[in-house]
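Trainee: Could you walk me through reading helix packing in a model like this one?
Mentor: Gladly, let's bring it up and go step by step.

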Amino acid sequence: MSRRKRSKKSGGVKPVSSQTPGESDSSSASDPVSEAESGSANSSAEPNGTTPGDSATDETMSASPVSASPLFAGKLPSLSRITSVIMLLVGILVVGLLFYKVMVGFFIPLFMAAALVVIFRPVNEWFLKRLKGRRSLAAAGTTGVILAIVLVPVGLLVSIAIGQLTGLVSRTDLNDLKSALDRGRVQLGLNLPHADRFRRLDELIAKLDDVKNPNTVLLEIAEARELIVFLDRNVDGAVTADDEREAAMEQLSQFREIAQELSDSKQSETPVDRIAIEEEFHRKSVVASAAIGAWINAKLGGSFRTQAKLLTNPSERDVALTVRAVREYLQPRFVNFTSATGQFLVQLLIGMLIMVISIYFFLVDGPAMIRTLMRLSPLDDAYELRLLGEFEKTSRAVVLASVLSAVIQGLLATIAFYLCGLQSIILLFMITTVMALIPFLGAASVWLPCAVYIGAVEQRYGVAILLAIYGAVVVSSIDNVIKAYILHGHSQLHPLIALLSVLGGVPVFGPIGILIGPMVVVFLQTLLEILNHELESRDRVDSMASPDDDATGTTDERAERNAAPAAG
């Protein structure tokens, strides 16, 4: 038992075992946290946390008026000692930074391996009982189960989903897409005959206030009158639109007169008169533009439906420009993606291999690794055990509860998609599962568009309604049932914090950030609670200490006794 570990102040925490990192009990359970706790508890020979051989020394230290710290030994350290400690800390920081750069590329495989070990710990314990405590064989069997249940099925599903996505993109025809959009517009009542003429009339509204070119404005007024006459005759609309048409034509006639007057008075009028005419020109242009807009809204059924019809009825030129812009945006990125595909696959295979190897060694030597980290860490044993417990609880809450809930939602939605006759079932299953991991969006972001597509494009209204009801009642509601069953009342993150941690974790850690982000938030909350507990313990010790105690050793003993209940 090292004196440094015994001197850590936690409020009465018992010292950890001095067992070497390589030692482990082959017949014990494979829970790293419980084994670390038992190792910490069994290392003391007396209830007060001191060995019999140290009792005399402790009495002498407590009786001395000077603190018996081995570092100071009753006097200030020498300059060489301080320099040595500083150089040691600098060396630790430099080597730690190098170690971080070496290991940062393997963070995700190691994290996933640790999470899978926590989740499949009951399986490993079952193997240990059947194999009579043989850790190596039990770890090999558990690793095989993880490969068969998790890694291999996920790899197959991802490869099939990528194949279905590639086939879907290759089968997509712009003409078929345009015809599907046409059917959808007809079903939603957004079809707009002569949409290009309506768009042209909408453009003319913004050009009527060109006071510097009155002759051009006269031509635009004439064009606007012709468009209104043509659209009123060839497009059906509400009866109330007739009054709006008469008002628009009247305002255009008045505006044409003032525009003609402005054009004729360009050289003959004085500056004062010209300013008055220009002011009247601006006023009439605003009134005429408002009258034309009111007629368009009345003709098409209101301002909202007008904008919806104009947006959902783009011209062929607009569609061509959009397709061209999308192609120019994606083409260089697709080239970069294809050139990096080989490198990505190599990195993926290496990461999978490291994860599998880490799973095996975590299962075999996990308790010894934890004891070694606890021995080397300056953090108190109670806090280390608490962090380990939070990691286990959070792994089950985030990884097991969230992932299992998402998979079940994906399966239930996929069954509905199959019965509805949709194609690319595996692709829809993967998309639904991934979206179900994101708070507030969930599986509804997949089954709801599918229901809209079935009703609006395929015109199967009954099937669309049934899919929407099934998705709302069954698919999206099963999430609450599964998480409540798995978590057993454990505290969960606030939905807003969960959403922000997921959205912020994805850019930092990649797709795995959906799982890592919430765990980072939980660890931060735990560290803050530990700090708050330490500060409260210090305040409690100071308030209970006697002010007339001159002996430092007696004060230290009293502080340890007072802080012991708080640490427990």
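**Reading helix packing**

Mentor: Let's start with a pair: H10 and H11 are roughly antiparallel to each other, because their packing angle of about 165° is over the 145 degrees needed for that label. Keep in mind that this is a predicted model.

Trainee: Thanks! How far apart are the axes of H10 and H11?

Mentor: The axes of H10 and helix H11 (residues 241-264) are 9 Å apart. H10 passes H11 in a left-handed crossing.

Trainee: Which residues of H10 and H11 make the contact?

Mentor: A contact list names the residues on each side. On the H10 side they include Val217, Leu218, Ile221, Ala224 and Ile228, and on the H11 side Ala248, Met249, Leu252 and Phe255 are among them. By class, the contact of H10 with H11 has 13 nonpolar, four polar and five charged residues.

Trainee: What angle does H10 make with H12?

Mentor: Helix H10 (residues 214-234) packs against helix H12 (residues 271-300) at about 20°, with the axes 12 Å apart. That makes H10 roughly parallel to H12, since the angle is under 35 degrees. The crossing of H10 and H12 is left-handed.

Trainee: Which residues meet where H10 packs on H12?

Mentor: From H10 come Val217, Ala224, Ile228, Leu231 and Asp232, and they meet Phe281, Ile292, Trp295 and Lys299 of H12. Sorted by class, the residues of this contact are seven nonpolar, no polar and two charged.

Trainee: Is Lys299 buried or exposed?

Mentor: For that, look at relative accessibility. Lys299, which sits in helix H12, counts as buried because its 8% relative accessibility is under the 20% cut-off.

Trainee: What does the side chain of Lys299 reach?

Mentor: The Lys299 side chain reaches the backbone oxygen of Asp232 at 3.5 Å. Leaving aside residues up to four places away in sequence, Lys299 touches Phe198, Leu231, Asp232, Val235, Asp236, Gly237, Ala238 and Ala241.

Trainee: Phe198 is on that list. How do H9 and H12 cross?

Mentor: The axes of helix H9 (residues 195-205) and H12 come within 9 Å and cross at roughly 155°. That makes H9 roughly antiparallel to H12. The crossing of H9 and H12 is left-handed.

Trainee: And which residues of H9 and H12 meet?

Mentor: Phe198, Leu201 and Ile205 of H9 meet Ser289, Ile292, Gly293, Trp295, Ile296, Lys299 and Leu300 of H12. These residues divide into seven nonpolar, two polar and one charged.

Trainee: Let's step back to the whole chain. How many helices and strands are there?

Mentor: The protein chain has 23 helices and zero strands. Of its 568 residues, 34% are buried.

Trainee: What share of the contacts joins residues 24 or more positions apart?

Mentor: Here you count contacts by sequence separation. Among contacts in the protein chain with a separation of 6 or more, residues 24 or more positions apart account for 74%.

Trainee: One more case, please. Where does Glu384 lie, and is Glu384 buried or exposed?

Mentor: Glu384 lies in helix H16 (residues 381-419). With a relative accessible area of 7%, Glu384 is buried.

Definitions and conventions:
Residues numbered from 1 in each chain as written. Predicted model: local features only at pLDDT ≥ 70, side-chain atom pairs only at ≥ 80, totals over all residues. Heavy atoms only, no water. Axes fitted to C-alpha atoms, helices over the stretch in contact; angles between N-to-C directions. Helix = DSSP H or I, 4+ residues; strand = E, 2+ residues; numbered from the N terminus. Parallel < 35°, antiparallel > 145°, perpendicular 65-115°, else oblique. Left-handed = near helix turned anticlockwise from the far one by under 90°. Contact = heavy atoms within 4.5 Å. Nonpolar A, V, L, I, M, F, W, Y, C, P; charged D, E, K, R; others polar. Buried < 20%, exposed > 50% of the residue type's maximum accessible area, 1.4 Å probe, protein only. Polar contact = N/O pair within 3.5 Å; in protein donor to acceptor, adjacent residues only side chain to side chain.
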